[in-house]
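This report describes one protein model, beginning with a pair of packed helices. The sequence and structure come just below.

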Amino acid sequence: MNNQEIRINILSLRNSGYSLRQIAIHLDINVSKVRYWLRKWEDEKRITNKKTGPKNNKITQELKNFVEQETKKNRSMSNSVWDERKKFGKKVMIWGGIGYRLQTDLIIIGSSVDTETYIHDIIRKSKIIKKANEQYGEWGWIFQQDGARPHTSKKSMDYLQYRCNVLSPWPPNSHDLNPIENLWSIMDKRLKNVQPSNEEELILEIIRVWEGITWEIIENLVTSMTKRIDLVIDHEGQSINGFFLIYSPKIKKLFCSLQNF
């Protein structure tokens, strides 16, 4: 993740009630970095709330002039700035499904998701219901999804509930009880040093990483659900992210091994 993504995730988790330590564990960063971004966010909010005027514009111009002067002095800095600007910064929306001994094809989403897109371009195209029926038998499994509006609209729920058991209702943000969120983190780590020059290269790299996920990783994440649920009950519905890594050595070992990817 780049700094902007880290910052967004920190603020999101903090607003969800995570402690600094839990955020650090969840994002695999130092507590000091979490504290730094939260303080920076508070400082920026105070600055944004102040009225701007000629003095502020003058400071901004002086800062801009300073950066330009330093860039001219230091050629290596100029190269670094230029290289950073040349990097391909576009993001790609993806969708995938996992289960015990089950992994769907990765769906590349070309635009925003609404109910029609979710049903036709994601659920049908991924063939998740067909694959799960073949693996576990019809009505022998439960479909878990997050609480995003396109997923839980009446039309989407009618479509799904006619074909499979759906875990509902489900909160929009439930990272502790959604193993695929951990899988996205694994993929993010593997893509960290990838620098595609265009969208096509980025998509190919994402698909390569998705197809390279081992059954061991998927099965460990799926079978961890029992422990996750027990911990949530024990902690009366509070976040169990930090506790989960402490009390589940097998998953902790898996997460630690990600450092080598």
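## Helices α6 and α9

The crossing of α6 and α9 is right-handed (a crossing is right-handed if the near helix is turned clockwise from the far one by less than a right angle, and left-handed if anticlockwise). The contact joins T115, E116, Y118, I119, I123 and R124 of α6 to K155, S156, Y159 and L160 of α9, where contact means heavy atoms within 4.5 Å. Helices (H or I, at least four residues) and strands (E, at least two) are DSSP runs numbered from the N terminus.

The two helices, α6 and α9, pack at an angle of about 30°, and their axes are 8 Å apart. Axes are lines fitted to C-alpha atoms, for helices over the stretch in contact, and angles run from 0 to 180 degrees between N-to-C directions. α6 and α9 are therefore roughly parallel to each other; angles under 35 degrees count as roughly parallel, over 145 as roughly antiparallel, 65 to 115 as roughly perpendicular and the rest as oblique.

## Basis of the model

This is a predicted model, in which local features need pLDDT of at least 70 and side-chain atom pairs count only at pLDDT 80 or more, while totals for chains, interfaces and linings use all residues. Residues are numbered from 1 along each chain as its sequence is written, and side-chain values use heavy atoms, with hydrogens and water left out.

## Overall content

The protein has 15 helices and 6 strands. Of its 261 residues, 34% count as buried (buried means under 20% relative accessible area, exposed over 50%, partly exposed in between, with a 1.4 Å probe and protein chains only). Among contacts with a separation of 6 or more, 61% are between residues 24 or more positions apart.

The protein exposes about 17,100 Å², and carbon and sulfur atoms supply 50% of this area. Accessible areas come from the Shrake-Rupley method with a 1.4 Å probe; for residues, only the protein chains shown count as cover.

## Nonpolar cores

The largest nonpolar core has 18 residues, of which W95, Y118, I123, I129, F143 and L160 touch the most other members. A nonpolar core is a set of buried Ala, Val, Leu, Ile, Met, Phe, Trp, Tyr and Cys residues joined through side-chain atoms within 4.5 Å. At least two residues of this core come from each of β4 (107-109), α6 (115-126), α7 (128-136) and α9 (154-161). α6 gives the largest share, 4 residues.

Leaving aside neighbours within four places in sequence, I129 is in contact with I123, W141, Y159, L160 and R163. A second, separate core of 16 residues includes I186, M187, L202 and W210.

## Helices α10 and α11

Helix α10 (residues 179-190) packs against helix α11 (residues 199-211) at an angle of about 125°, with axes 10 Å apart. α10 and α11 are therefore oblique to each other, and their crossing is right-handed. L183, W184, M187 and R190 in α10 meet I206, V209 and W210 in α11.

I207 also lies in helix α11 and is partly exposed at 24% relative accessibility. Beyond its neighbours within four places in sequence, I207 is in contact with L106 and I108. I207 and I108 are 99 residues apart in sequence, and their C-alpha atoms are 9.1 Å apart in space.

## Positive phi in two loops

K127 lies in the loop between α6 and α7. Its phi is near 60°, a positive value in a residue other than glycine, and K127 is partly exposed, with a relative accessible area of 47%.

W139 lies in the loop between α7 and β5 (142-143). The phi of W139 is near 65°, a positive value in a residue other than glycine, and W139 counts as partly exposed at 43% relative accessibility.
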